[in-house]
Amino acid sequence: RRDTATCLNQVGAYTPAYTTKQMAAILLSMPQGFLPHLARRVCGSTRAKRCAQTVRGGGIANANVSARASSGGSGDSAAAAPWTGDGIEVASENQRRDLAVVLVNPQIPGNTGTIARTCAATRVPLHLVGPLGFDLTDSQLKRAGLDYWNSVCVKVHDDWGAFHRYWRDDLGAPGRLVAFSKFGARPHAEEGAYLPGDWLLFGAETTGLPDEAHDACTASGGVRRIPIDEEHVRSLNLAVSAGVGMFEALRQIDGPPQHFPPRSDAPGSH
């Protein structure tokens, strides 16, 4: 037990964002007898098997090959490839290509419209994953953001499987899948939580992310939590959560804000 505790302490601040290659490096420095137990604690059962195979099969040099070979079928646990500066599809030329927002099974049209408005303001591409709880012609959605829908929303995917195949097969898994959930392991504002090329995933207002989406994010960019006081409320509104997560990701990706001269006609500018 003492050796196991020592191993866990060596891992330090656990994050699901570790790649298989990084985990192999950590596990190589630990007693082989504790490998299966430790890998399960750190990575989850699916990635534990892959990390163990990586270490036993020749160490770090084989990590990427092992990951690709083991992901063959569903691909839900495949680590995302490093972002290379392209690959994220956009709805219009002025949108960013280093961040995307994905709403999985959204149910309330007003929330989706508000998020579309935030995406328009930040130039972030938006994806919807069905089944949706509303029709795209819904008046609430139109009032909130449908007027510029075609320049914000890239695609509407039939279901999670269709989206994941699009991300993995059609685009070649550009960047990481990063989920937001009240059950997330790490806080959303932790430094280094976001990288260029990330896809930010938010679940339904009533049920959150489906298990397969949660698992795919755990194996890719991790699951983030926006801390709140739950004495009076169970969760934040979806549109609020998306805005909080989006702006924090942009802050980390873009770096310190640029300082522009204040407007001469703005209150407090003198």
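I looked at β4 (177-180) for side-chain direction: L177 and A179 point one way, V178 and F180 the other way, and all are buried (under 20% relative accessible area, with exposed over 50% and partly exposed in between; 1.4 Å probe, protein chains only). Strands here are DSSP E runs of at least two residues, helices H or I runs of at least four, numbered from the N terminus.

This is a predicted model, where local features need pLDDT of at least 70, side-chain atom pairs count only at pLDDT 80 or more, and totals for chains, interfaces and linings use all residues. I kept the numbering from 1 along each chain as its sequence is written, and side-chain values use heavy atoms, leaving out hydrogens and water.

Next I checked the partners of β4. Strands pair if DSSP finds at least two bridges between them. β4 and β6 are parallel over four bridges, with L177 opposite W199 in β6. Two bridges join β4 to β7, also parallel, and A179 stands opposite V223 in β7.

I then traced the whole sheet. Seven strands make an open sheet, ordered β3-β2-β1-β6-β4-β7-β5, with parallel pairing. The edges are β3 (153-157) and β5 (186-187), each pairing on one side only. β5 runs parallel to β7 (residues 223-225) through two bridges, and R186 stands opposite R224.

Helix α9 (residues 211-218) lies across β4, β6 and β7, at about 125 degrees to β4.

Note on methods
Contact = heavy atoms within 4.5 Å. Axes fitted to C-alpha atoms, helices over the stretch in contact; angles between N-to-C directions.
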